[in-house]
Amino acid sequence: MTIEQHRAELEMLRGEIELLMSERQSLLRAAGAAAVFVAQLDSSVLPENTYTAADILAHALNALREDTLKDALEIVRPEFEGGASEEGRGR
């Protein structure tokens, strides 16, 4: 394999890593928002047809590693401490 081939391969790997890191940030943001949502949810007012979805979500969040969940919460914490932005409301 030539040096140029190695460089091209390295560049491709860098691109893949950047893509994966970006995707990780998006997934952490979704997990963080879901965790805050579940924590603030009043299960006594949930419609019965949402129990299964809420249970699946709660189990998925509980299955996350502690450090992953901490990272997820850190990403969304500023928005929840300062109130949801106008842009994010009503979606």
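**A chat about the helices of a predicted model**

Analyst: Start with Ala-58. This residue counts as partly exposed because its relative accessibility is 22%. Keep in mind that the model is predicted.

User: Where does Ala-58 sit?

Analyst: Ala-58 is in helix 2.

User: What about Val-38: which helix is it in, and which residues does it touch?

Analyst: Val-38 is in helix 1. It touches Leu-57 and Leu-61, leaving aside residues up to four places away in sequence.

User: Why does Val-38 count as partly exposed?

Analyst: Its relative accessibility is 29%, so Val-38 falls in the partly exposed class. Buried would need a value under 20%.

User: Back to helix 1. What should its span be, and what does the model give?

Analyst: Helix 1 runs over residues 3–40, which is 38 residues. At 1.5 Å a residue, it should span 56 Å. The end C-alpha atoms are 55 Å apart, which agrees.

User: How do helix 1 and helix 3 cross?

Analyst: Their axes come within 7 Å and cross at roughly 75°. The two helices are therefore roughly perpendicular to each other.

User: Which residues meet there?

Analyst: From helix 1, they include Arg-24, Gln-25, Leu-28, Arg-29 and Val-36. Among those from helix 3 are Thr-68, Asp-71, Ile-75, Glu-79 and Phe-80. The contact's residues divide into eleven nonpolar, three polar and four charged.

User: New topic. What is the mean pLDDT?

Analyst: The mean for the protein chain is 90, and 90% of its residues reach 70 or more.

User: Where is the pLDDT below 50?

Analyst: Over residues 86–91. That stretch has one contact in the model beyond near neighbours in sequence. Where pLDDT is low, predicted coordinates should not be read in detail.

Definitions and conventions. Residues are numbered from 1 along each chain as its sequence is written. This is a predicted model: local features need pLDDT of at least 70, side-chain atom pairs count only at pLDDT 80 or more; totals for chains, interfaces and linings use all residues. Side-chain values use heavy atoms; hydrogens and water are left out. Helices (H or I, at least four residues) and strands (E, at least two) are DSSP runs, numbered from the N terminus. The expected span of a helix is 1.5 Å times one less than its number of residues. Axes are lines fitted to C-alpha atoms, for helices over the stretch in contact, and angles run from 0 to 180 degrees between N-to-C directions. Angles under 35 degrees count as roughly parallel, over 145 as roughly antiparallel, 65 to 115 as roughly perpendicular and the rest as oblique. Contact means heavy atoms within 4.5 Å. Ala, Val, Leu, Ile, Met, Phe, Trp, Tyr, Cys and Pro count as nonpolar, Asp, Glu, Lys and Arg as charged, and the others, Gly among them, as polar. pLDDT is the predictor's confidence in each residue, from 0 to 100. Buried means under 20% relative accessible area, exposed over 50%, partly exposed in between (1.4 Å probe, protein chains only).
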